[in-house]
Amino acid sequence: MTRTLITGGLVVTAAEEMPADVLIENGTVLALGLPGRHQWAAERVFDASGKYVIPGGVDVHTHMELPFGGTYASDTFETGTRAAAWGGTTTIVDFAVQSKDASLRAGLDAWHAKADGRCAIDYGLHMIMSDVNESTLREMPGLIGEGVTSFKLFMAYPGVFYSDDGQILRAMQQAAETGALIMMHAENGPAIDVLVEQALARGETDPRHHGEVRKALLEAEATHRAVQLARVAGAPLYVVHVSAREALAELAAARDLGLPVFGETCPQYLFLSTDNLAEPDFEGAKYVCSTPLRPKDHQAALWRGLRTDDLQVVSTDHCPFCFKGQKELGRGDFSKIPNGLPGVENRMDLLHQAVVDGHLTRRRWIDIACAAPARMFGLYPRKGTLAPGSDADVVIYDPHATHTLSAATHHMNVDYSAYEGRTVTGRVETVLSRGEVVLDRGHYLGRPGHGAFLPRSTCQYL
Ligand SMILES: [Zn+2]
């Protein structure tokens, strides 16, 4: 039996803020107590005076080693989960991918093989369905039984991940029956492909055109359609990476009707914009992701959506590609730039910066980054909060330390930072995963294989 005690910090969860000592035994939180009012002894004591003590971050949208556009996302489960830990995230939910003409089972087995024994922190898996058909629909209940309870569909990327409306409806009907959650990439892919072709024919090949053809209206249209299909099927819906004000308005309207419709956004949509996509000398390629970055004036709507709970979750959609050799595949043709940004290490700090900037309260920071994602994907209260019985995934966070985000100092396996040179206030000091110290004052103490697969229950908002 090992006991760890964290003393003197301000415990912040989605529900409360209170000065409290945290006692950890055998990997779980045993008790929280008023400082000085208990007689707890422990082998290991951390002094968190002047610091926050928060649940480890839960990032429910990452793509380690994702095959995309003829290459692979540059973080492996080993490097990506290590970087996550550096940034105060102690749980990820990544995406297993069904290849066309293969079973969900084969895709899930392949992703288990990639992740097993390599992760520094705990991880779950969603399933990307590339081919909704009789046989894959029949596989869904089995996967749910194994703790893979969420299934991602794409209204974008015809010929790759795309599902048509009939396929989407069938998957949603199956979700309604089984308790699964459908996650939707909501962009009208066939229409976007026409605009891509026309732009390239006009000689518009620079990265900024990626943002221009993937129009906000086509995100909003797909979001609206997804909501209506979910309504017809009687299924809940979770829309991933919402970036456009118009798409958020569709979610808000659905929620005002009382529908079980949820949305996430990502730090890149809150902190970056089409100004970045327009950076000269092909530098804009660093910011190519889908949905795309939007003009700056969309940001205020997203912050507001996070405050009003029209958006419940901030995840990263971490999907890094190196500038050299990977993003460069799209020189002369923006449609060949691999889609994705690094960010798994930066999310907790950027959202804390939003607290400093007055966009969010501290408790809302923990809600959107830890508690809500854990609830949404069936991990609460094991993850996402600090309560007796929760996993001791704990971060001691210094709210006053400043640091500068940079590729020179980050731990993600990618040659650039989307936030290069940005100074943020707040820094992870110590990270525990199930009671084991993964990081302490700049020293990495984690190891591949500590992280375990998390079988998840179904969405806890339903
Ligand atoms: Zn994604």
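**A walk through the predicted fold**

Leaving aside its neighbours within four places in sequence, T2 is in contact with I24, E25, N26 and E43, where contact means heavy atoms within 4.5 Å. T2 sits in the segment before β1 (3-12). V132 is 130 residues away from T2 in sequence, and their C-alpha atoms are 48 Å apart in space. The model is a predicted one, so local features need pLDDT of at least 70 and side-chain atom pairs count only at pLDDT 80 or more, while totals for chains, interfaces and linings use all residues. Residues are numbered from 1 along each chain as its sequence is written, and side-chain values use heavy atoms, with hydrogens and water left out.

Now for the chain as a whole. It has 13 helices and 19 strands; these are DSSP runs numbered from the N terminus, with helices being H or I of at least four residues and strands being E of at least two. The radius of gyration is 21 Å, close to the 23 Å that the globule rule gives for 462 residues, so the chain is as compact as a globular protein of that length. (That radius is taken over C-alpha atoms, and the rule is 2.2 Å times the number of residues to the power 0.38.) Along its principal axes, the C-alpha trace spans about 70 × 50 × 40 Å. Among contacts with a separation of 6 or more, 75% come from residues 24 or more positions apart.

What about inside and outside? Buried residues make up 61% of the 462 in the chain; buried means under 20% relative accessible area, exposed means over 50%, and partly exposed is in between, using a 1.4 Å probe and protein chains only. The chain exposes about 16200 Å², and carbon and sulfur atoms supply 50% of that. Accessible areas come from the Shrake-Rupley method with a 1.4 Å probe, and for residues only the protein chains shown count as cover.

The largest nonpolar core holds 135 residues, and I54, F151, M172, M184, L237, Y238 and W365 touch the most other members. Such a core is a set of buried Ala, Val, Leu, Ile, Met, Phe, Trp, Tyr and Cys residues joined through side-chain atoms within 4.5 Å. Take M184: leaving aside neighbours within four places in sequence, M184 is in contact with L153, M155, I168, M172, A226, L237, Y238, V239 and V240. Apart from this core lies another, of 15 residues, including A20, V22, I24 and A48.

Several loops have backbone details to look at. A cis peptide bond joins S290 and T291, with omega about -5 degrees, and T291 is in the loop between α10 (274-277) and α11 (299-308). Another cis peptide bond joins Y380 and P381, with omega about 0 degrees; P381 belongs to the loop between α13 (362-376) and β16 (394-404).

H241, a residue other than glycine, has a positive phi near 30 degrees. H241 lies in the loop between β13 (237-239) and α8 (245-256), and its relative accessible area of 1% makes it buried. D309 is not a glycine either, yet its phi is positive at about 70 degrees. D309 is in the loop between α11 and β15 (313-314) and, at 29% relative accessibility, counts as partly exposed.
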